[in-house]
Amino acid sequence: MKEEINKLIDLQAIDLKLKTLNEEMSEGVAELEKRKTVIEERRRNIDRFQEKLQVFEQRKRELELENEEMATRIKDRQTKLMNVQTNREYQSLLKEIEDAKKNANDAEEEIVHLMEQIENLQTKISEESNVCKAEESLLAEKTSEVENHEAALQKQKDKILKQRNKKAKGIPEAMQRKYDTILAHRNGIAIVGVTDGVCQGCFMSIPPQQYNNLMKGEDLFVCPTCQRLTYYLPAEEE
Ligand SMILES: [Zn+2]
């Protein structure tokens with residue numbers, strides 16, 4: 001049993017290396033994902049600005065048409081004014097001209113306001129697009145960096161996995177299954193030392209009788225608190 005426990009301890013050391021490698025790999029991927037999310041958010045902003053811009057431009061075209069109509073109406077009423085017969089007709093035409101001029105004025109004011117907003121939006125769109133482009137080229141750069149790094153990490157990982165397979169061969173299947181299950185559920189640490197009666201995985205004391213048995217190193221015990229496999233690990237001498 002002692003020999004098998006030692007093999008499990010070795011396996012744990014290998015698995016810790018693998019864990020570190022895996023974490024490093026997912027860090028790279030996570031960083032790329034973060035960059036992508038920021039760019040997507042910018043793209044959505046640009047889309048929103050574009051939609052607004054279209055609405056404003058449409059409104060501006062409508063007002064310009066309205067203005068043309070008003071100009072035609074004013075011209076028409078002014079011509080009629082020359083051939084007017086009665087005072088009542090004259091007053092009514094004057095009123096129509098006045099109303100048309102007021103409408104044209106209002107439209108003109110709104111057009112000026114719209115033009116300001118349109119210009120603002122166009123500036124924002126072009127700024128945001130430039131930032132987007134810069135971030136996209138940086139993302140491409142980072143992506144190839146991460147890919148190169150991943151490839152190097154993968155090589156290391158393959159090497160370590162070979163070592164792991166070799167080491168795992170000497171461990172009984174049931175024991176290994178148990179180890180693997182705990183490894184998956186206990187944050188990559190399946191077997192821990194117990195020093196001075198304290199589990200080094202969860203730092204809780206284990207019952208004295210179990211500790212006595214553990215010290216003999218003849219059987220595999222599970223920590224009653226964190227459920228990890230345990231082995232006796234003497235305190236380091238000063
Ligand atoms: Zn524990």
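Buried residues make up 10% of the 238 residues in the protein. A residue is called buried if 20 or more other C-beta atoms lie within 10 Å of its own, exposed if 12 or fewer, and partly exposed in between, with C-beta atoms placed from the backbone. The model is predicted: local features need pLDDT of at least 70, side-chain atom pairs count only at pLDDT 80 or more, and totals for chains, interfaces and linings use all residues. Residue numbers start from 1 along each chain as its sequence is written.

The secondary structure comprises four helices and four strands. Helices (H or I, at least four residues) and strands (E, at least two) are DSSP runs, numbered from the N terminus. From the N terminus on, the order of elements is α-α-α-β-β-α-β-β. The radius of gyration is 39 Å, well over the 18 Å that the globule rule gives for 238 residues, so the protein is more spread out than a compact globule. This radius is taken over C-alpha atoms, and the globule rule is 2.2 Å times the number of residues to the power 0.38. Along the principal axes, the C-alpha trace spans about 125 × 40 × 40 Å.

The domain assignment gives domain 1 (26-158) and domain 2 (175-232). Such bounds come from an automatic or database assignment. The C-alpha centres of the two domains lie 66 Å apart. Of the contacts with a separation of 6 or more, 71% join residues 24 or more positions apart. A contact requires C-beta atoms, placed from the backbone, within 7 Å.

Helix H1 (2-82) has 81 residues. H1 reaches 119 Å from its first C-alpha to its last, close to the 120 Å expected at 1.5 Å a residue. The expected span is 1.5 Å times one less than the number of residues. The buried residues of H1 are Ile5, Leu8, Leu11, Gln12, Asp15 and Met70. They pack against helix H2 (87-169), H3, S1 and S4. Thr72 also lies in H1. Thr72 counts as exposed because it has 11 C-beta neighbours inside 10 Å. Thr72 and Lys60 are twelve residues apart in sequence and 19 Å apart in space, C-alpha to C-alpha.

The four strands form an open sheet in the order S2-S1-S4-S3, with mixed pairing. Its edge strands are S2 (198-199) and S3 (221-222), each of which pairs on one side only. Pairing requires at least two DSSP bridges between two strands. S1 and S4 run parallel and are joined by four bridges. Within this pair, Val192 stands opposite Thr230 in S4. S1 and S2 are antiparallel over two bridges, and Val194 stands opposite Cys199 in S2. S3 and S4 also pair in the antiparallel sense, over two bridges. Val222 has Leu229 in S4 as its bridge partner.

The largest nonpolar core has 16 residues. A nonpolar core is a set of buried Ala, Val, Leu, Ile, Met, Phe, Trp, Tyr and Cys residues joined through C-beta atoms within 7 Å. The residues with the most contacts inside this core are Leu8, Tyr179, Ile182, Ala190, Ile191, Cys199 and Leu229. At least two core residues come from each of H1, helix H3 (173-185), strand S1 (191-195) and strand S4 (229-232). Ile191 touches Leu8, Ile9, Gln12, Tyr179, Arg228, Leu229 and Tyr231, not counting residues up to four places away in sequence. In soluble globular proteins, nonpolar side chains tend to be buried together.

Positive phi values were examined next. Most residues other than glycine have a negative phi. In the hairpin of S1 and S2, with two residues between the strands, Asp196 takes a positive phi near 50°. The hairpin of S3 and S4 has six residues between the strands, and there Gln227 takes a positive phi near 65°. Asn187 has a positive phi near 55° and lies in the loop between H3 and S1. Asn187 is exposed, with 11 other C-beta atoms within 10 Å. Phe203 has a positive phi near 60°. Phe203 is found in the loop between S2 and helix H4 (208-216). With 10 C-beta neighbours inside 10 Å, Phe203 counts as exposed.

Note on methods:
Two residues are in contact if their C-beta atoms, placed from the backbone, lie within 7 Å.
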